Amino acid sequence: MDPLRLHWCSPPDTGQAKPTDPYNMGKLDMGEVRDFVQEAEELGVDTLLFGISKRLPDPIPVIGALSQVTDRVKFMLAYRPGLMTPPLFAQVVNTLAWMTEGRIALNIVAGISPAEQAGYGDFLSHDERYARCNEFLEILRGLWEDETPLSYDGQHYTLKDTELGLPYNGGKSGAVRPQIYIGGASAVAQQTALDLGDCWLRYGDTPEALAESARPLIAGGRRVGTRMHVLARPTREEAVAELADLVREPDEDHKAWVRHALNTTDSEAVTSSYKLAGTAVDGWLSPNIWTGAVAYRGGPALCIVGSYQEVAHYIHSYKTAGISEFIFSGWPTRNEMHTFFTHVAPLIRKLEATEAS
């Protein structure tokens with residue numbers, strides 16, 4: 001089996017120390033983000049995810065700037081169909097591909113909240129957003145993979161003789177287009193990943209549960225990845241003690257704000273993660289998955305916890321479930337990234353080397 005791909009999430013607020021703190025909105029410290037990304041490159045992070053949300057800076061100019069101060073780390077651009085026309089988005093991605101020399105991937109997200117989508121002027125329902133997403137991806141792949149000019153007559157997009165003067169640049173890989181990651185837990189999201197994606201991304205769960213949901217995607221030739229947090233320390237006792245510090249004196253107003261946001265979402269991925277956390281016993285979904293931060297940070301906050309050895313073995317166990325990629329975060333995220341890639345990732349590679357021998 002191929003080695004696990006170990007990615008990291010790159011928020012603009014890199015110094016956030018606790019999951020129970022409010023989101024630090026309204027600023028962008030590019031010097032801090034640049035230092036974070038350069039350290040990620042030195043540590044051997046495969047790809048950095050840059051998310052999209054009304055509370056975040058737009059990821060496109062941020063990635064463009066960071067491409068000029070890095071050489072190896074790749075960038076995963078999260079974006080939502082409907083904010084740009086497909087040809088314009090393809091032109092933007094092609095430009096980033098030249099700026100990064102092919103170090104660009106896409107995380108296409110149909111949207112998680114009708115309220116937030118309405119703020120962008122988008123009033124489609126959940127399934128309608130995925131129908132538009134499919135047309136969006138069909139056009140993108142047509143522009144990248146087929147001869148142009150391209151014409152298209154769909155329900156959401158109509159194009160006539162579309163051509164792009166700047167082609168996609170795959171860099172050393174020679175790829176004709178970026179890898180496409182599709183997020184979402186619903187049946188329509190899975191079908192979109194099967195039809196038009198390369199990797200299906202979903203929020204975390206136990207290896208056994210992920211194996212069940214991943215089976216049809218793997219059978220269809222798609223990779224499957226998951227988005228989680230991680231907290232590893234020299235011993236399990238130290239890791240669990242750290243959890244107690246992380247949730248001490250939580251901001252209950254922020255928890256109520258997150259609960260309100262949950263009540264406005266139509267995302268199956270989001271709602272199912274909260275329901276999953278509700279089934280945990282004393283905050284533990286399994287001996288190594290802690291759910292205590294989900295109420296403050298949502299689905300991605302399911303956290304793999306333990307000693308360096310325990311965390312490495314637990315992550316490696318996901319390979320048998322068919323999970324081949326992880327996008328991790330931590331608290332504070334830069335510190336945890338350093339800990340993970342210094343102490344845990346080498347152990348995972350040793351386990352994989354033993355597996356291959």
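Which residues in α1 meet which residues in α13? Before selecting them, keep in mind that this is a predicted model, in which local features need pLDDT of at least 70 and side-chain atom pairs count only at pLDDT 80 or more, while totals for chains, interfaces and linings use all residues. Residues are numbered from 1 along each chain as its sequence is written, and side-chain values use heavy atoms, with hydrogens and water left out.

**First stop: α1 and α13**

Select residues 30-43 for helix α1 and 333-356 for α13; helices (H or I, at least four residues) and strands (E, at least two) are DSSP runs numbered from the N terminus. On the α1 side, E32, D35, F36, E39, A40 and L43 meet T333, R334, M337, H338, F341 and T342 of α13, where contact means heavy atoms within 4.5 Å. The two helices pack at an angle of about 5° with their axes 10 Å apart, the axes being lines fitted to C-alpha atoms, for helices over the stretch in contact, and the angles running from 0 to 180 degrees between N-to-C directions. α1 and α13 are therefore roughly parallel to each other, given that angles under 35 degrees count as roughly parallel, over 145 as roughly antiparallel, 65 to 115 as roughly perpendicular and the rest as oblique. Coloured by class, this contact has 5 nonpolar, 3 polar and 4 charged residues, with Ala, Val, Leu, Ile, Met, Phe, Trp, Tyr, Cys and Pro counted as nonpolar, Asp, Glu, Lys and Arg as charged, and the others, Gly among them, as polar.

Then move to P332, in the loop between β13 (323-329) and α13, where a cis peptide bond joins W331 and P332 with omega of about -20°.

Select residues 86-100 and 126-145, helices α3 and α5, whose axes come within 9 Å and cross at roughly 50°, which makes α3 oblique to α5. The contact is made by P86, P87, F89, A90, V93 and N94 of α3 and F136, I139, L140, L143 and W144 of α5, with 10 nonpolar, 1 polar and no charged residues.

E101 is found in the loop between α3 and β4, and has a positive phi of about 55° although it is not a glycine. E101 is also among the residues nearest the centre of the second largest pocket, together with K74, G102, R103 and S173, in a lining of 21 residues. β3 (74-79) and β4 (104-108) each supply at least two lining residues, and β3 gives the most, with 3. By class, the lining divides into 8 nonpolar, 6 polar and 7 charged residues.

Terms used. 1 Å grid on protein atoms, 1.4 Å probe; cavity = no way out; pocket = protein on both sides within 12 Å on 5 of 7 lines; lining within 4 Å.
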